[in-house]
Amino acid sequence: MSGFSHTVGNVVHRFDDLKTLLAKATPARSGDELAGIAARTAEERVAAKMALAELPLSTFLTEHVIPYETDDVTRLIVDERDERAFAPVAHLTVGDFRDWLLSAHASGEALSALAPGLMPEMAAAVSKLMRLQDLVTVAAKIRVVTRFRNTVGLPGRLSARLQPNHPTDDPKGIAASIVDGLSYGSGDAVIGINPVSDNPKTVEELLVMLDRLRLAFDIPTQSCVLAHVTTQMEAMQRGAPVDLVFQSIAGTEPANASFGVNIALLDEAWTQARELKRGSVGDNVMYFETGQGSALSANAHCGVDQQTCEARAYGLARHFQPMLVNTVVGFIGPEYLYDGKQILRAGLEDHFCGKLLGLPMGCDVCYTNHAEADQDDMDALLTMLGAAGVNYIMGVPGADDIMLNYQSTSFHDALYLRDIFGLRPAPEFEAWLDRIQQELPRMAGLLLEA
């Protein structure tokens, strides 16, 4: 393990190892302060950024923030990296890499070709040197397109997850929210319900309800009930109509263990879902949610800063060729992202890192009610993500999730982004909306009667 240093004036700032350097170079956030790994002063943070800028990208190939021998996420990242894809930037430092990403040489095609060669820690490192406009500029070049029953991520398109959660899993309440969301053009990313209960019977009932709705009105979208992956696997074994398989994941082996999952289990679920062959235009079947601070909240961050842990979660997600990846950026709370400024920065970092690694990134633009944030902060992040080409956002009735008790984005917010940037829904879903407008009242009536 090598040390790193940078001199500011007559003060030499030393950083013992790579994970310390990355942590000290991270823009201020409450989670790293809670973990005791953040820079102690602004001067130390700047010194760490300067040392990081001078670091060859090749350093990440030989020094790992979590040892290969002890962590299955590290092993997956290292073993699956494509050396030939990395070759065009192998000679660069982290600072040079930032400059290259912002140059005309880094076209969308070049960045897509590069993605399999990058380690998540490289993406995290370069993001720490970037301004918000840099994160937006580079992410906007990259399109990651996925397919199941429709096509998400095409240029000029913005999708939305219709999130009709209900505090008692009441089917009529859920149905009312679904009809409301569909009438505003939400739901092309997925109609996804967070169930109150992980009870298999409840999960199966919700899956059947969603599938009946889809079939009755020929809706070209995918559904998901966001129960634990083992519950969804049990549902598939019992013949339930599972489209996308959901799971929260993190960037370290012990953090994933705290979620009750490992890579082998996720591989099994992935195989099981693909064998159902329920997609009509593609077979991207996995849906992952992540969030800065998840590893730290489980005391499983292994001394790594929360943003680098988050990027490592994207390295794990990449293995499964997911339909959707969603950073739930402000959901965990102010202990990890204290205020609107930190949430804004984190959301753009996550989106940038995910897309740079080749993932179909969405963002839950959100905050908890005890965070120092409000809807104006969310409007700023929402608008910048629209400029950055985010694949999808959330559509929650009134932007207030009454089951999960947090603030997100509404059906109207998706319309705002589409209008201001000239964006449209997924093409198959857009065509369906044109056909179904006169049927929405009948749809509402049938659902509420059922």
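**Close-up views of a predicted model**

View A. Cys309 counts as buried, at 4% relative accessibility (buried: under 20% relative accessible area, with a 1.4 Å probe and protein chains only). This is a predicted model, in which local features need pLDDT of at least 70, side-chain atom pairs count only at pLDDT 80 or more, and totals for chains, interfaces and linings use all residues. Residues are numbered from 1 along each chain as its sequence is written, and side-chain values use heavy atoms, with hydrogens and water left out. Helix H17 (residues 306-318) contains Cys309; helices (H or I, at least four residues) and strands (E, at least two) are DSSP runs, numbered from the N terminus. Leaving aside residues up to four places away in sequence, Cys309 touches Gly251, Thr252, Ala295, His301 and Val304 (contact: heavy atoms within 4.5 Å).

**View B. The buried face of helix H3.** Helix H3 (residues 42-53) comprises 12 residues. Its buried residues are Glu44, Arg45, Ala47, Ala48, Ala51 and Leu52. Seen down the axis of H3, these buried residues fall within an arc of 160°, so they line one face of the helix; the arc is that of the directions from the helix axis to the C-beta atoms. Among the elements covering the buried residues of H3 are strand S1 (4-8), strand S2 (11-15) and helix H7 (94-102).

Technical notes. The expected span of a helix is 1.5 Å times one less than its number of residues. Buried means under 20% relative accessible area, exposed over 50%, partly exposed in between (1.4 Å probe, protein chains only).
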